[in-house]
Amino acid sequence: MDTKELLKKVRKIEIKTRRLSDHIFGGEYHSTFKGRGMTFSEVRQYQFGDDVRNIDWNVTARYNEPFVKVFEEERELTMMLMVDISGSELFGTEEQFKNEIVTEIAATLAFSATQNNDKIGLILFSDDIELYIPPKKGRSHVLRIIRELIEFKPKSKLTNIAEAFKFLSNVMKKKAIVFVLSDFIADDYKQNLKIAAGRHDITGIRVFDKREESIPNLGMVQMEDEESGELVLVNTASKSVRTNYSKYYHEKVNYFKDTFTKSGSGTIDCRVDESYVKKLLGYFKRRG
């Protein structure tokens, strides 16, 4: 993709997702994710009913009358976007591939955070950490994140979600709001998620295509595993083949929901042909 085409694509995503975050998500995001605590703002004269523990004794002594410290909510937060860029994210049968929807969701969340003057960071992962962009503020930073989401070429097609959570725990020592975008066709990340969720506010956004849920009866079909690249002949006419695939797929989905819920994390299911706007809004409203 040449620079001109890339900038055009970034601009298109910015216009679409910024409008959503400005009109819809800004307020919802603010009320859902509160600040870390209270920070000192100013002093004012003591009024009846004020907490005596907040008296500023230095100012009180200077003016010979009581003054209290005023605190306000510390709003600034850090949002981390963890995005699965393994081979299976390139799957798509409807209007868009999964990775295109993931980019739009990530951009919408990033602009919502920017509206609240929060920092945004990015982790792109496969079975390894492919890219880490430390959290920063501002529009130009968000545009860089979108640019990476569009054009980054992963070295590996495999997935290791446990490794991604381990990396998150190592680099983010302060509490962050974390959105993990993946199809979650993986398991064995329970322990690492539990550790990360002990410090961070984590939400898993499962982006999937309805054609992945089951295999239709099409006779003998050559299929390619998106992650291993292996070509295999599959007899889709066989009921047991279709049943086993469906069982495997739903086991992974159930593992995702169960593991996230037990760790105290949130989950959102987003099919590529459905409105992610409704899904995100519904989630924010339920949590707000």
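Visitor: What makes Glu 14 and Arg 11 a salt bridge?

Guide: A salt bridge is a side-chain nitrogen of Lys or Arg within 4 Å of a carboxyl oxygen of Asp or Glu. Here the closest N and O atoms are 2.7 Å apart, so the pair meets the rule. This is a predicted model, where local features need pLDDT of at least 70, side-chain atom pairs count only at pLDDT 80 or more, and totals for chains, interfaces and linings use all residues. Residues are numbered from 1 along each chain as its sequence is written, and side-chain values use heavy atoms, leaving out hydrogens and water.

Visitor: How many salt bridges does this rule give?

Guide: The count is 16.

Visitor: Why is Glu 14 called buried?

Guide: Buried means under 20% relative accessible area, exposed over 50%, and partly exposed in between (1.4 Å probe, protein chains only). Glu 14 has 4%, so Glu 14 counts as buried.

Visitor: What makes Lys 252 and Asp 187 a salt bridge?

Guide: Their closest N and O atoms lie 3.4 Å apart. The pair links distant parts of the chain, 65 residues apart. Lys 252 is in helix 7 (residues 239-262). Asp 187 is in the loop between strand 6 (177-182) and helix 6 (190-197). Helices (H or I, at least four residues) and strands (E, at least two) are DSSP runs, numbered from the N terminus.

Visitor: Is Lys 252 buried or exposed?

Guide: Its relative accessibility is 10%, so Lys 252 counts as buried. Asp 187, at 33%, counts as partly exposed.
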